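Subject: Structure handover

Hello,

Here is the structure for you to look over. My notes follow below it.

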Amino acid sequence: MMMLDTSTLAAQLRQPHGEAALAVADSMNRSNGALNRAAISLLAVAAGERILEIGPGNAAFAPLLLHADDSHYLGIELSAAMVEAGNQRLASAGLADRATMRLGDAHALPVADEAMDAALAVNTLYFWPSLAPVLDELARVLRTGGRLCLAFGDAAFVRSLPFAADFHLHELEAVEQALRVSGFRVSAWRSHRETATGNDGQARDKHFHLLLAQRR
Ligand SMILES: C[S@@+](CC[C@H](N)C(=O)[O-])C[C@H]1O[C@@H](n2cnc3c(N)ncnc32)[C@H](O)[C@@H]1O
(Lines give C-alpha, C1' and ligand atoms only; values in the text may rest on other atoms or scores of the structure.)
Protein backbone atom coordinates (compact mmCIF):
# COMPACT_ATOMS: atom_id res chain seq x y z
CA MET A 1 0.00 0.00 0.00
CA MET A 2 1.22 3.49 -0.71
CA MET A 3 2.06 5.41 2.44
CA LEU A 4 -1.16 6.74 3.93
CA ASP A 5 -1.66 7.69 7.56
CA THR A 6 -4.00 5.37 9.44
CA SER A 7 -7.08 7.59 9.35
CA THR A 8 -6.65 8.33 5.62
CA LEU A 9 -6.22 4.62 4.92
CA ALA A 10 -9.32 3.78 6.98
CA ALA A 11 -11.39 6.37 5.07
CA GLN A 12 -10.12 4.99 1.73
CA LEU A 13 -10.97 1.39 2.68
CA ARG A 14 -14.46 2.52 3.72
CA GLN A 15 -15.03 4.32 0.41
CA PRO A 16 -12.13 4.68 -2.07
CA HIS A 17 -12.15 8.22 -3.44
CA GLY A 18 -10.09 10.94 -5.09
CA GLU A 19 -6.62 10.57 -6.57
CA ALA A 20 -5.71 7.62 -4.34
CA ALA A 21 -8.76 5.51 -5.24
CA LEU A 22 -7.23 3.37 -7.99
CA ALA A 23 -4.05 2.67 -6.06
CA VAL A 24 -6.14 1.75 -3.01
CA ALA A 25 -8.16 -0.68 -5.16
CA ASP A 26 -4.97 -2.31 -6.48
CA SER A 27 -3.69 -2.69 -2.95
CA MET A 28 -6.97 -4.20 -1.70
CA ASN A 29 -6.92 -6.65 -4.59
CA ARG A 30 -3.40 -7.78 -3.67
CA SER A 31 -4.14 -8.03 0.06
CA ASN A 32 -7.55 -9.65 -0.28
CA GLY A 33 -7.06 -11.92 -3.29
CA ALA A 34 -6.80 -15.23 -1.44
CA LEU A 35 -9.84 -14.44 0.72
CA ASN A 36 -11.91 -13.45 -2.32
CA ARG A 37 -10.94 -16.67 -4.08
CA ALA A 38 -11.95 -18.70 -1.03
CA ALA A 39 -15.32 -16.91 -0.87
CA ILE A 40 -15.97 -17.43 -4.58
CA SER A 41 -15.13 -21.11 -4.25
CA LEU A 42 -17.55 -21.47 -1.30
CA LEU A 43 -20.33 -19.69 -3.19
CA ALA A 44 -19.96 -22.19 -6.09
CA VAL A 45 -21.85 -20.28 -8.78
CA ALA A 46 -23.82 -22.46 -11.21
CA ALA A 47 -24.77 -21.84 -14.84
CA GLY A 48 -27.32 -19.11 -15.41
CA GLU A 49 -27.19 -17.68 -11.89
CA ARG A 50 -27.64 -13.99 -11.09
CA ILE A 51 -24.90 -12.88 -8.71
CA LEU A 52 -24.84 -9.79 -6.52
CA GLU A 53 -21.65 -8.49 -4.93
CA ILE A 54 -21.68 -5.82 -2.23
CA GLY A 55 -18.62 -3.56 -2.06
CA PRO A 56 -16.49 -5.25 -4.73
CA GLY A 57 -14.07 -2.32 -5.12
CA ASN A 58 -13.09 -2.28 -8.79
CA ALA A 59 -14.62 -5.72 -9.50
CA ALA A 60 -11.24 -7.41 -9.86
CA PHE A 61 -12.63 -10.81 -8.91
CA ALA A 62 -15.90 -10.62 -10.86
CA PRO A 63 -14.45 -12.63 -13.79
CA LEU A 64 -13.89 -15.55 -11.38
CA LEU A 65 -17.56 -15.38 -10.38
CA LEU A 66 -18.60 -15.35 -14.03
CA HIS A 67 -16.94 -18.57 -15.11
CA ALA A 68 -20.34 -20.34 -15.16
CA ASP A 69 -22.22 -20.24 -18.49
CA ASP A 70 -24.72 -17.41 -18.86
CA SER A 71 -24.28 -16.19 -15.27
CA HIS A 72 -24.89 -12.49 -14.61
CA TYR A 73 -23.16 -10.15 -12.16
CA LEU A 74 -24.19 -6.92 -10.46
CA GLY A 75 -21.72 -5.12 -8.19
CA ILE A 76 -23.12 -2.47 -5.83
CA GLU A 77 -20.61 0.10 -4.63
CA LEU A 78 -20.76 3.16 -2.41
CA SER A 79 -17.74 4.58 -4.24
CA ALA A 80 -18.32 6.32 -7.57
CA ALA A 81 -14.62 5.89 -8.39
CA MET A 82 -14.94 2.10 -7.94
CA VAL A 83 -18.12 1.96 -10.06
CA GLU A 84 -16.31 3.71 -12.90
CA ALA A 85 -13.12 1.65 -12.60
CA GLY A 86 -15.12 -1.58 -12.24
CA ASN A 87 -17.24 -0.94 -15.31
CA GLN A 88 -14.09 -0.19 -17.31
CA ARG A 89 -12.52 -3.41 -16.10
CA LEU A 90 -15.62 -5.47 -16.94
CA ALA A 91 -15.80 -3.91 -20.42
CA SER A 92 -12.08 -4.60 -21.08
CA ALA A 93 -12.62 -8.22 -20.04
CA GLY A 94 -15.46 -8.51 -22.60
CA LEU A 95 -18.02 -9.05 -19.84
CA ALA A 96 -20.12 -5.89 -20.18
CA ASP A 97 -23.08 -7.81 -21.63
CA ARG A 98 -23.54 -9.80 -18.42
CA ALA A 99 -21.75 -7.84 -15.72
CA THR A 100 -22.18 -4.32 -14.44
CA MET A 101 -21.38 -2.12 -11.47
CA ARG A 102 -23.88 0.33 -10.05
CA LEU A 103 -23.63 3.07 -7.42
CA GLY A 104 -25.61 2.12 -4.32
CA ASP A 105 -25.66 1.38 -0.63
CA ALA A 106 -26.08 -2.07 0.90
CA HIS A 107 -28.64 -0.53 3.27
CA ALA A 108 -31.04 0.27 0.38
CA LEU A 109 -30.15 -1.96 -2.54
CA PRO A 110 -31.29 -0.78 -5.99
CA VAL A 111 -32.39 -4.35 -6.74
CA ALA A 112 -35.85 -5.92 -7.10
CA ASP A 113 -37.21 -8.45 -4.61
CA GLU A 114 -35.95 -12.04 -5.14
CA ALA A 115 -33.95 -10.98 -8.21
CA MET A 116 -30.72 -12.75 -7.20
CA ASP A 117 -29.58 -16.37 -6.83
CA ALA A 118 -26.33 -15.70 -4.97
CA ALA A 119 -24.68 -12.82 -3.13
CA LEU A 120 -21.23 -12.11 -1.79
CA ALA A 121 -19.65 -9.51 0.48
CA VAL A 122 -15.94 -9.66 1.29
CA ASN A 123 -14.38 -7.34 3.86
CA THR A 124 -17.34 -4.98 3.91
CA LEU A 125 -19.27 -5.62 7.12
CA TYR A 126 -16.82 -3.49 9.15
CA PHE A 127 -18.63 -0.51 7.64
CA TRP A 128 -22.09 -1.55 8.82
CA PRO A 129 -22.84 -0.35 12.37
CA SER A 130 -25.66 -2.86 12.62
CA LEU A 131 -25.92 -6.02 10.52
CA ALA A 132 -29.71 -6.33 10.54
CA PRO A 133 -30.62 -3.63 7.98
CA VAL A 134 -28.12 -4.96 5.43
CA LEU A 135 -28.94 -8.64 5.99
CA ASP A 136 -32.66 -7.83 5.71
CA GLU A 137 -31.92 -6.16 2.37
CA LEU A 138 -29.94 -9.17 1.18
CA ALA A 139 -32.76 -11.47 2.27
CA ARG A 140 -35.20 -9.32 0.30
CA VAL A 141 -33.25 -9.48 -2.98
CA LEU A 142 -32.34 -13.19 -2.81
CA ARG A 143 -34.79 -15.83 -3.98
CA THR A 144 -35.82 -18.58 -1.57
CA GLY A 145 -32.87 -20.98 -1.42
CA GLY A 146 -30.51 -18.28 -2.70
CA ARG A 147 -27.02 -18.26 -1.17
CA LEU A 148 -25.11 -15.58 0.66
CA CYS A 149 -21.39 -15.73 1.40
CA LEU A 150 -19.93 -13.31 3.95
CA ALA A 151 -16.14 -13.14 4.39
CA PHE A 152 -14.78 -10.99 7.21
CA GLY A 153 -11.88 -10.63 9.60
CA ASP A 154 -11.99 -12.30 12.98
CA ALA A 155 -12.85 -9.56 15.47
CA ALA A 156 -9.65 -10.04 17.51
CA PHE A 157 -7.53 -9.85 14.34
CA VAL A 158 -9.30 -6.75 13.04
CA ARG A 159 -8.97 -5.13 16.48
CA SER A 160 -5.18 -5.49 16.15
CA LEU A 161 -5.04 -3.48 12.91
CA PRO A 162 -3.92 0.10 13.52
CA PHE A 163 -6.14 1.52 10.76
CA ALA A 164 -9.28 -0.30 11.96
CA ALA A 165 -9.94 1.71 15.12
CA ASP A 166 -13.29 2.97 13.75
CA PHE A 167 -14.30 -0.28 12.06
CA HIS A 168 -17.39 -2.02 13.41
CA LEU A 169 -16.33 -5.39 14.77
CA HIS A 170 -18.74 -8.30 14.51
CA GLU A 171 -17.99 -11.55 16.33
CA LEU A 172 -18.54 -14.75 14.36
CA GLU A 173 -21.41 -15.88 16.60
CA ALA A 174 -23.10 -12.48 16.29
CA VAL A 175 -22.93 -12.65 12.48
CA GLU A 176 -24.42 -16.16 12.50
CA GLN A 177 -27.20 -15.05 14.81
CA ALA A 178 -27.93 -11.94 12.72
CA LEU A 179 -28.16 -14.14 9.60
CA ARG A 180 -30.73 -16.38 11.30
CA VAL A 181 -32.80 -13.43 12.47
CA SER A 182 -32.86 -12.01 8.92
CA GLY A 183 -34.19 -15.27 7.48
CA PHE A 184 -31.10 -17.27 6.55
CA ARG A 185 -30.00 -20.80 7.45
CA VAL A 186 -26.24 -20.95 8.04
CA SER A 187 -24.90 -23.99 6.16
CA ALA A 188 -21.11 -23.71 6.22
CA TRP A 189 -18.28 -22.00 8.08
CA ARG A 190 -14.62 -21.87 7.02
CA SER A 191 -11.66 -20.36 8.79
CA HIS A 192 -9.18 -18.64 6.48
CA ARG A 193 -5.67 -17.88 7.74
CA GLU A 194 -2.69 -16.49 5.92
CA THR A 195 0.56 -14.78 6.70
CA ALA A 196 0.72 -11.91 4.31
CA THR A 197 1.09 -8.22 3.79
CA GLY A 198 -1.95 -6.27 4.92
CA ASN A 199 -3.50 -3.10 3.53
CA ASP A 200 -0.98 -1.07 5.57
CA GLY A 201 2.00 -2.88 4.01
CA GLN A 202 2.89 -4.76 7.24
CA ALA A 203 3.34 -8.55 7.23
CA ARG A 204 1.17 -10.25 9.84
CA ASP A 205 -0.91 -13.37 10.52
CA LYS A 206 -4.39 -12.73 9.13
CA HIS A 207 -7.49 -14.55 10.33
CA PHE A 208 -10.87 -14.46 8.60
CA HIS A 209 -14.19 -16.29 8.68
CA LEU A 210 -16.34 -17.30 5.74
CA LEU A 211 -20.02 -18.06 6.26
CA LEU A 212 -22.35 -19.54 3.70
CA ALA A 213 -26.08 -19.16 4.30
CA GLN A 214 -29.29 -19.99 2.44
CA ARG A 215 -32.33 -17.74 2.21
CA ARG A 216 -35.20 -19.63 3.92
C1 LIG B 1 -12.30 -2.76 2.30
S2 LIG B 1 -13.04 -2.58 0.72
C3 LIG B 1 -13.14 -4.30 0.20
C4 LIG B 1 -13.21 -4.43 -1.30
C5 LIG B 1 -13.27 -5.88 -1.83
N6 LIG B 1 -14.52 -6.52 -1.47
C7 LIG B 1 -12.09 -6.68 -1.35
O8 LIG B 1 -12.30 -7.72 -0.70
O9 LIG B 1 -10.94 -6.30 -1.66
C10 LIG B 1 -14.74 -2.19 1.10
C11 LIG B 1 -15.54 -1.75 -0.12
O12 LIG B 1 -16.92 -1.73 0.24
C13 LIG B 1 -17.50 -0.54 -0.24
N14 LIG B 1 -18.62 -0.23 0.69
C15 LIG B 1 -18.53 0.16 1.99
N16 LIG B 1 -19.73 0.31 2.53
C17 LIG B 1 -20.63 0.00 1.56
C18 LIG B 1 -22.06 -0.01 1.50
N19 LIG B 1 -22.80 0.33 2.59
N20 LIG B 1 -22.65 -0.36 0.34
C21 LIG B 1 -21.90 -0.68 -0.76
N22 LIG B 1 -20.55 -0.68 -0.76
C23 LIG B 1 -19.92 -0.34 0.38
C24 LIG B 1 -16.39 0.50 -0.21
O25 LIG B 1 -16.63 1.56 -1.12
C26 LIG B 1 -15.17 -0.35 -0.59
O27 LIG B 1 -14.92 -0.36 -1.99
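Leu-120 stands opposite Cys-149 in β5. Strands β4 (residues 116–122) and β5 pair in the parallel sense, over 6 bridges. Two strands pair if DSSP finds at least two bridges between them. Helices (H or I, at least four residues) and strands (E, at least two) are DSSP runs, numbered from the N terminus.

This is a predicted model: local features need pLDDT of at least 70, side-chain atom pairs count only at pLDDT 80 or more, and totals for chains, interfaces and linings use all residues. Residues are numbered from 1 along each chain as its sequence is written.

Strand β5 (residues 142–153) is mostly covered, with 9 of its 12 residues buried. Buried means 20 or more other C-beta atoms within 10 Å of the residue's own, with C-beta atoms placed from the backbone.

Now the helices. The axes of α5 (residues 131–141) and α7 (residues 172–181) come within 9 Å and cross at roughly 50°. Axes are lines fitted to C-alpha atoms over the stretch in contact, and angles run from 0 to 180 degrees between N-to-C directions. Leu-131, Ala-132 and Leu-135 of α5 make the contact with Val-175, Ala-178, Leu-179 and Val-181 of α7. Contact means C-beta atoms, placed from the backbone, within 7 Å.

The axes of α2 (residues 21–43) and α4 (residues 80–92) come within 10 Å and cross at roughly 70°. The two are therefore roughly perpendicular (65 to 115 degrees). Here Ala-21, Leu-22 and Ala-25 in α2 meet Ala-81, Met-82 and Ala-85 in α4.

Best wishes

Key
Contact = placed C-beta atoms within 7 Å. Parallel < 35°, antiparallel > 145°, perpendicular 65-115°, else oblique.
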